[in-house]
Amino acid sequence: RNIKLLDDLVKEKELVVQKNRQKLGACQLRIKMLAKQLDRVDMEIRREEEAGNVAALSHLRAASSRLCSELQREKELELIIDLKLNQNKLEMWEIETEQGKYEVLRDELQKEEEQLQRHCQEQRERRICEERRTALQAEGRRRCRDRKEEKAQKEYEERKKKILEDAKRNHEKAAYFLKQSTARIHDKIAKEEEKTQEHMERRIQAVLSLKTSITSNREKLQTLQVLNKAKALEAKKEEMKMREAILAEGGNVVKEIFLHKRQLKHEKEEQAFRELQKSRKIEIVSRILKEKASVDKQKESQSRTRATKARAEVEDPSLQREEAWPCSEETCTRAAGAIAQDELWERGDDEEEKEKTLLEPEFPGLWGKEYDLHKIPKEEVDPTQLAIRAVKKEMSEKKMEELQTGSFAKQIVPGGEHKGCAFHSKPSCIRFKDFDVGQTYKKKIMLTNASYSVNYCRLVGISECLKDFISVHFDPPGKMSSGMSCEFVVTFKPMINESLEGEVMFVAQTGSFSVPLKCTVKSCVLALDKELIDFGSHVVGETISRTISLTNSGALGTGFK
């Protein structure tokens, strides 16, 4: 490092010496030019003296004095530059002598660098040898692994061959037992067809009774609308009476009426929610019955095809023998699966016989006690319960599709349709006023579910212009009933002294909404307490005075005149 520093100083001094030499040469050149000009002026002065031209003579003498002063300055500058040049040469020679002291160290350093290069070369050669050795070892391991894989493949083929032989023997046994079980199943199917037909007729009658009840309910709805109008008139009269009574007692009329209306609204929403639940239960029952009917039709068609096949086998025993022995493993497994499915349907139909008709509630879980489908033991699962589960799954998937595609369902209840934003924020606008750059500000905002039913809320993001200064902390609360609230925290850390404006965006089950956000810098807000100065009537010569107050309601001070 010291040697390099001395080399750099030598180069720097050489550059300074070279620049000073150039300056000295330029100065000497200017001196020569000024001397020539002075000689030329002296010759002209002598010539003009001989001619007796006084005006030109005074002008030439002034030019001669100016050239003499410039020549004197250049000579002084030449002496200064020469002195600097000698001093720089002396410093350069001193550095060169100092540099000569390190010649031995320079040679040793060069030798050490050569030794280091040789050492690096030896290390590279040694690494190459090690890499070749590891490559040979990897090749040996790969060959050993290939031999093991070949051995395992041979063992697998032998084991597969043995499994196929065992499967063939098992297939022969299964074909024998299959013939016996099919004969028993055909007898059972013939008996069960009659029972399922009777059961289906009872269910159809129940569905028809449900339809008639729905139509009667529609007629009742029209009468209810008329009654609702009458109730509204009565409610207005009661409100007037309540207002008069509260005024007579000396209470707060607005507060009492607001609380009364709020209670009535809550009761109406609960009644509407109960009616919506009833209609959904009726729809679920109708869907279950339709699905059960389609399943019964499918069973009937399967039983008929099996019966025709059984009759064909009985009529042609030679064909029966040909079809029994050469059937493959796949057909055997299909037949066994069909048998298992028929047994499941048979078990489900036996359980259905024990149930009551639909004139009494067939599914007690829908009307009475709460029943969790996820906790049903395996032996109690029947096709109707599976249908209920499928309907719930379909409804949940439909909601997820609506959230993903952005097509949100309207909230309609018997009392009316909810319009507007699903959630209300308090405060309605997030404001950060009179902020200082570098400081951190936080605000807690409350979100209230203003819709008619259970709703969800999820943070989408904030405006692009606010991302560098605003951060939002929001823990999704999950399901929120109507009127429930949750909170989120907005943190503002300004880096520039500029006003900002944007919004915090959310998405709910009924649509997207946003909360506006504004950040305003400190400003001066000047206002006068009077808009008009009125002196009124006065007498000539009288002096009248009025006082005016100027107020700065902002956070930034200012001057005025």
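1. Cys524 is partly exposed, because its relative accessible area is 36% (buried is under 20%, exposed over 50%, partly exposed in between; 1.4 Å probe, protein chains only). The model is predicted: local features need pLDDT of at least 70, side-chain atom pairs count only at pLDDT 80 or more, and totals for chains, interfaces and linings use all residues. Residues are numbered from 1 along each chain as its sequence is written, and side-chain values use heavy atoms, with hydrogens and water left out.

2. Zero disulfides are present (a disulfide is a pair of cysteine sulfur atoms within 2.5 Å). For Cys429, the closest cysteine sulfur is in Cys519, at 9.3 Å, so it is too far for a bond. Cys429 counts as buried, at 17% relative accessibility.

3. There are nine aromatic pairs (rings of Phe, Tyr and Trp, its six-membered ring, with centres within 6.5 Å; planes under 30 degrees apart are stacked, over 60 edge-to-face, the rest tilted). Tyr176 and Phe177 are edge-to-face, because their ring centres are 5.4 Å apart and their planes stand at 70 degrees. Phe423, Phe474, Phe488, Phe506 and Phe513 are linked into a cluster by ring pairs.

4. Lys443 places its charged end over the ring of Phe432, 5.5 Å from the centre (the criterion is NZ of Lys or CZ of Arg within 6 Å of the ring centre and within 35 degrees of the ring normal).

5. Phe535 is partly exposed, at 38% relative accessibility. Phe535 lies in the loop between strand S11 (526–528) and strand S12 (550–552) (strands are DSSP runs of E, at least two residues, numbered from the N terminus).

Terms used. Helices (H or I, at least four residues) and strands (E, at least two) are DSSP runs, numbered from the N terminus.
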